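Me: I would like to learn how to read a model like this one, starting from a single residue and then moving out to the whole chain. Could you show me the structure and take me through it step by step?

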Amino acid sequence: MTQFPKKILLVRCDRIGDLLLTVPVISYLREKWNGVSLSMLVNKNTASLIKGHPGLEEVFTLDKQMENRGVIGTLKLVRLLKKKRFNAVFVLHPTVRVHLIVFLA
């Protein structure tokens with residue numbers, strides 16, 4: 001039997017169209033790994049589009065202009081994600097900042 005991750009974080013912190021193109025990944029992972037807990041980290045400006053999606057447990061936001069601005073703000077987000085204890089992450093839009101957040105979390 002194939003072992004699968006129990007808690008997955010999907011990361012897509014860019015624009016609206018790119019986020020919408022990512023939505024099928026949620027359904028695919030739900031079908032592939034029945035019972036998996038899926039959460040998503042998105043840009044604050046696009047969060048309203050994905051919040052309430054039936055395939056997601058939680059939606060986290062990256063607010064680079066206010067709440068997560070600078071080192072202290074970024075570390076707040078890292079601390080929040082670390083508490084959630086994800087055991088797999090799919091970074092669907094790689095940036096240095098996102099890689100750093102995910103690595104530290």
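Me: What does the side chain of D63 reach at 3.3 Å?

Reply: A polar contact pairs N or O atoms within 3.5 Å. In this predicted model, the side chain of D63 comes to 3.3 Å from the backbone nitrogen of M66.

Me: Where is D63 found, and which residues does D63 touch beyond those up to four places away in sequence?

Reply: D63 sits in the loop that lies between strand 3 (58-62) and helix 3 (70-84). Leaving out residues up to four places away in sequence, D63 touches K44, N68 and R69.

Me: Does D63 count as buried or exposed?

Reply: The cut-off for buried is under 20% relative accessible area, and D63 has 8% relative accessibility, so D63 counts as buried. Of the 105 residues of the chain, 37% count as buried.

Me: In what order do the elements of the chain run?

Reply: The chain holds four helices and four strands, and from the N terminus on the order is β-α-β-α-β-α-β-α. Among contacts with a separation of 6 or more, 61% come from residues 24 or more positions apart.

Me: Why does the radius of gyration agree with a compact globule?

Reply: A compact globule of 105 residues would have a radius of gyration near 13 Å, and because the chain has 13 Å, the two agree. Along its principal axes, the C-alpha trace spans about 45 × 25 × 20 Å.

Me: How many positive and negative side chains does the chain have?

Reply: There are 17 positive and 7 negative side chains, and the centres of the two sets lie 8 Å apart.

Terms used. Residues numbered from 1 in each chain as written. Predicted model: local features only at pLDDT ≥ 70, side-chain atom pairs only at ≥ 80, totals over all residues. Heavy atoms only, no water. Helix = DSSP H or I, 4+ residues; strand = E, 2+ residues; numbered from the N terminus. Buried < 20%, exposed > 50% of the residue type's maximum accessible area, 1.4 Å probe, protein only. Polar contact = N/O pair within 3.5 Å; in protein donor to acceptor, adjacent residues only side chain to side chain. Contact = heavy atoms within 4.5 Å. Rg over C-alpha atoms; globule rule 2.2 N^0.38 Å. Lys, Arg positive; Asp, Glu negative; His and termini not counted. Charge placed at Lys NZ, Arg CZ, Asp CG, Glu CD.
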